[in-house]
Amino acid sequence: QVQLVESGGGLVQPGGSLRLSCAASGRIFSIGAMGWYRQSPGKERELVATITSSGRTNYADSVKGRFSISRDNPENTAYLQMNSLKPEDTAVYYCNAEARANYAVYSTNYWGKGTLVTVSS
């Protein structure tokens, strides 16, 4: 199994910054793309940003220019730097990874349990 654990959420004022971390652990053979998604009350989960194992990134239009995704491959960790936060960024942020466990033939899509980000004055 592969576990994803997010950290770094919290309460921040509009215009502030937060950095989320996602650490993958377990019997990991390899990790492909990693990403961040978010879900607000009453809304569907939506893509925030993704990053491939080679570093290619993709962002939702709503966060372009404000958020930056990165990863540390040796540490099996992904990050989401969030700047110029807005109240509409308030959501539970989930980490996602395509990972292959040591005993597995194929990769599987894994999710963390989420970390809450609240943007409010």
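Residues are called buried under 20% relative accessible area, exposed over 50%, and partly exposed in between, with a 1.4 Å probe and protein chains only. By this cut-off, buried residues make up 40% of the 121 residues in the chain. The structure is a predicted model, in which local features need pLDDT of at least 70, side-chain atom pairs count only at pLDDT 80 or more, and totals for chains, interfaces and linings use all residues. Residues are numbered from 1 along each chain as its sequence is written, and side-chain values use heavy atoms, with hydrogens and water left out.

The chain has eleven strands and zero helices. Both kinds of element are DSSP runs numbered from the N terminus: helices are H or I with at least four residues, and strands are E with at least two. Along the sequence the pattern reads β-β-β-β-β-β-β-β-β-β-β. The radius of gyration is 14 Å, close to the 14 Å that the globule rule gives for 121 residues, so the chain is as compact as a globular protein of that length. This radius is taken over C-alpha atoms, and the globule rule is 2.2 Å times the number of residues to the power 0.38. The C-alpha trace spans about 50 × 25 × 20 Å along its principal axes.

Contacts were defined by heavy atoms within 4.5 Å. Among contacts between residues at least 6 apart in sequence, 55% join residues at least 24 apart. The chain exposes about 6600 Å², of which carbon and sulfur atoms supply 47%. Accessible areas come from the Shrake-Rupley method with a 1.4 Å probe; for residues, only the protein chains shown count as cover.

Charges were also located. The mean positions of the 12 positive and 9 negative charges lie 3 Å apart. Lys and Arg count as positive and Asp and Glu as negative, while His and the chain ends are not counted. Each charge is placed at NZ of Lys, CZ of Arg, CG of Asp or CD of Glu.

The interior was examined next. A nonpolar core is a set of buried Ala, Val, Leu, Ile, Met, Phe, Trp, Tyr and Cys residues joined through side-chain atoms within 4.5 Å. The largest such core has 33 residues, and M34, W36, V48, F67, L80, M82 and Y93 touch the most other members. At least two core residues come from each of β1 (2–7), β3 (18–26), β4 (28–39), β5 (46–51), β7 (67–72), β8 (77–82), β9 (91–101) and β11 (115–119). Strand β9 gives the most, with six residues. Beyond four places in sequence, F67 touches R38, V48, Y59, L80, Q81, M82, N83, L85, D89 and Y93.

L47 lies in strand β5. This residue is partly exposed, with a relative accessible area of 30%. Residues up to four places away aside, L47 touches W36, Y37, N58 and A60. L47 and C22 are 25 residues apart in sequence and 15 Å apart in space, C-alpha to C-alpha.

Several loop residues were also examined. G8 lies in the loop between β1 and β2 (10–12). At 35% relative accessibility, G8 is partly exposed. Its contacts, leaving aside neighbours within four places in sequence, are L18, R19, L20 and T115. G8 and D72 are 64 residues apart in sequence and 16 Å apart in space, C-alpha to C-alpha.

Y103 is found in the loop between β9 and β10 (108–111). Y103 touches Q1 and R27, not counting residues up to four places away in sequence. Y103 and Q1 are 102 residues apart in sequence, yet 8.9 Å apart in space, C-alpha to C-alpha.

Backbone angles were considered last. Most residues other than glycine have a negative phi. N76, in the loop between β7 and β8, has a positive phi, near 55°. N76 is partly exposed, at 24% relative accessible area. S84, in the loop between β8 and β9, also has a positive phi, near 50°. S84 is partly exposed, at 42% relative accessibility.
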